[in-house]
Amino acid sequence: MAQPVRMLLAAIVVILATPLVERAGAQSMQTPLTPQIVEAFIASYPQVKETATGLSQQYGVDTGGADVSAVWQAWLAVTAAQGALNAACQSYGFDSFASWISTLTSIATAYAFAREGGGVNDQMATAIANIQNNPNVPEAQKQAMIQAMQASMGALGAIMPSPENVEAVMPRLAELAVLFDDD
């Protein structure tokens, strides 16, 4: 259960740290996914990871770190490695390593929401109802707590994947779990 949450956080870090990703709106940050794109990503992941691992000594990038998103982000900054990384991605139909990273971000986000995100809104609504119905909490404190919860819900909405992206990853959750849990 912690792994999907870690992947969601990794996806968020990649989104926020990558200047190559458009930041115009919540869902415009996402790469639209199709079953074919998800399939290509799954097929490409071992090769791209192997390429990055093979280049790690040459370029001094530590690929064994606990923060998966930081490792992939580090590769975006190694311009000398882009040719090899682009080639690894292009052989699976991706335009570039940067577009592959954007796809990774969208797939990881959709994966995390498909696995864990469905009940978040219900849990938040229950928490707000519990706050409202608690006679031991002063009204001003209730309002402050509810505002904080609603702000959290807004932040969550800003990273929520499109329904189409979630639908595209659903049939491949088990395969994605193997890829993401491997890291």
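A crossing of two helices is left-handed if the near helix is turned anticlockwise from the far one by less than a right angle, and right-handed if clockwise. By that rule, H3 passes H5 in a left-handed crossing. The model is predicted: local features need pLDDT of at least 70, side-chain atom pairs count only at pLDDT 80 or more, and totals for chains, interfaces and linings use all residues. Residues are numbered from 1 along each chain as its sequence is written, and side-chain values use heavy atoms, with hydrogens and water left out.

**Helices H3 and H5**
- Helices are DSSP runs (H or I, at least four residues), numbered from the N terminus.
- H3 spans residues 68–77, and H5 spans residues 97–116.
- Their axes, lines fitted to C-alpha atoms over the stretch in contact, lie 10 Å apart at an angle of about 160°.
- H3 and H5 are therefore roughly antiparallel (angles over 145 degrees, between N-to-C directions that run from 0 to 180).
- Trp-72, Trp-75 and Leu-76 of H3 make the contact with Phe-97, Ala-98, Trp-100, Ile-101 and Leu-104 of H5 (heavy atoms within 4.5 Å).

**Burial**
- In H3, Val-68, Ser-69, Val-71, Trp-72, Trp-75 and Leu-76 are buried (under 20% relative accessible area, 1.4 Å probe, protein chains only).
- They cover an arc of only 165° around the axis, so they sit on the same side of H3; the arc is taken from axis-to-C-beta directions.
- Thr-51 belongs to helix H2, residues 35–59.
- Thr-51 counts as buried because its relative accessibility is 15%.
- Beyond neighbours within four places in sequence, Thr-51 is in contact with Ala-84, Leu-85 and Ala-88.

**Aromatic rings**
- The structure has 10 aromatic pairs (ring centres within 6.5 Å, using the six-membered ring of Trp).
- One aromatic cluster contains Phe-41, Tyr-45, Trp-72, Phe-97, Trp-100, Tyr-111 and Phe-180.

Note on methods:
Rings of Phe, Tyr and Trp (its six-membered ring) pair if their centres lie within 6.5 Å; planes under 30 degrees apart count as stacked, over 60 as edge-to-face and the rest as tilted. Helices (H or I, at least four residues) and strands (E, at least two) are DSSP runs, numbered from the N terminus. Buried means under 20% relative accessible area, exposed over 50%, partly exposed in between (1.4 Å probe, protein chains only). Angles under 35 degrees count as roughly parallel, over 145 as roughly antiparallel, 65 to 115 as roughly perpendicular and the rest as oblique.
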